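Good morning, and thank you for making time for this presentation. Please have the sequence and the structure open while I speak.

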Amino acid sequence: MMESLDHGICLHLAQLVEDLTTSGSPSLNEDLIKNIKKICRTSDSYVEHTFHLVMKQLNKEHAEIRLSAFQIVDALFMRSHRFRELLVTDFQAFLELTVETDTDQPLPPPKMVARKLKETTLKAVQVWHQKDRKSVV
């Protein structure tokens, strides 16, 4: 049975994800990511909602947005079992959007940021695998 989500909290999560991914900053605003983590701790339903918001941003045709979205993924991955389950289920699409596993779908510009996204994602996946061998295949 899925929990009922508070519409106001969902809107707030959407705004937090939007703000974090479109700031243009090379790193996440700590206060905003802490706010997302706090909300996600209250319910797996909010984790699921956040996962879908982040995947939407990963589909944007801008490497800086994708890099920030990846940083949100990285921040939530080791802290939420439900988030790990969702990511592992959609892992092929995640890799296509972050490390260019499909040559027909190159990473969007700017190229320097796309390269950083790819390198950072590959390093993080190695760390995830070392820390939680059961989740990441």
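Predicted model: local features only at pLDDT ≥ 70, side-chain atom pairs only at ≥ 80, totals over all residues.

Let me begin with the packing of two helices. Two packed helices are described by the angle between their axes and the distance between those axes. Helix H1 covers residues 7-21, and against H3 its axis makes an angle of about 35°, the two axes lying 10 Å apart. The crossing of H1 with H3 is right-handed.

Which residues make up this contact? On the H1 side they are Ile9, Cys10, Leu13, Ala14, Val17, Glu18 and Thr21, and on the H3 side Tyr46, His49, Thr50, Leu53, Val54 and Gln57.

Cys10 deserves a moment of its own. This residue belongs to helix H1, and its relative accessible area of 11% places it under the 20% limit, so Cys10 is buried. Apart from its neighbours within four places in sequence, Cys10 is in contact with Leu5, Tyr46 and His49. Between Cys10 and Thr50 there are 40 residues of separation in sequence, while their C-alpha atoms are 8.4 Å apart in space.

I turn now to the aromatic residues. How many aromatic pairs does the structure hold? There are six. In one of them, Phe51 with Phe83, the ring centres are 5.5 Å apart and the planes stand at 80°, so the pair is edge-to-face; the threshold for that class is over 60 degrees. This pair links distant parts of the chain, with Phe51 in helix H3, residues 44-58, and Phe83 in helix H5, residues 81-89, a separation of 32 residues. Elsewhere, ring pairs join Phe70, Phe77, Phe91, Phe94 and Trp128 into a cluster.

The last topic is the salt bridges. A search of the whole structure finds four of them. One is formed by Arg82 and Glu48, whose closest N and O atoms are 2.8 Å apart. Arg82 lies in helix H5 and Glu48 in helix H3, so this pair ties together parts that are 34 residues apart in sequence. In accessibility, Arg82 is partly exposed, at 23%, whereas Glu48, at 19%, counts as buried.

Another salt bridge is that of Glu61 with Arg66, with 3.2 Å between the closest N and O atoms. Here Glu61 is exposed, at 59% relative accessibility, and Arg66 is buried, at 3%.

Which residue does Lys118 meet in a salt bridge? Its partner is Glu100, at 3.7 Å from N to O. Lys118 is in helix H7, residues 111-131, and Glu100 is in the loop between helix H6, residues 91-98, and H7, so the pair ties together parts that are 18 residues apart in sequence. Both partners count as partly exposed, Lys118 with a relative accessibility of 31% and Glu100 with 28%. Finally, salt bridges that share partners join Glu48, Arg82 and Glu85 into one network.

Thank you for your attention.

How values were computed
Residues numbered from 1 in each chain as written. Heavy atoms only, no water. Phe/Tyr/Trp six-rings, centres within 6.5 Å; stacked < 30°, edge-to-face > 60°. Helix = DSSP H or I, 4+ residues; strand = E, 2+ residues; numbered from the N terminus. Axes fitted to C-alpha atoms, helices over the stretch in contact; angles between N-to-C directions. Left-handed = near helix turned anticlockwise from the far one by under 90°. Contact = heavy atoms within 4.5 Å. Buried < 20%, exposed > 50% of the residue type's maximum accessible area, 1.4 Å probe, protein only. Salt bridge = Lys/Arg side-chain N within 4 Å of Asp/Glu carboxyl O.
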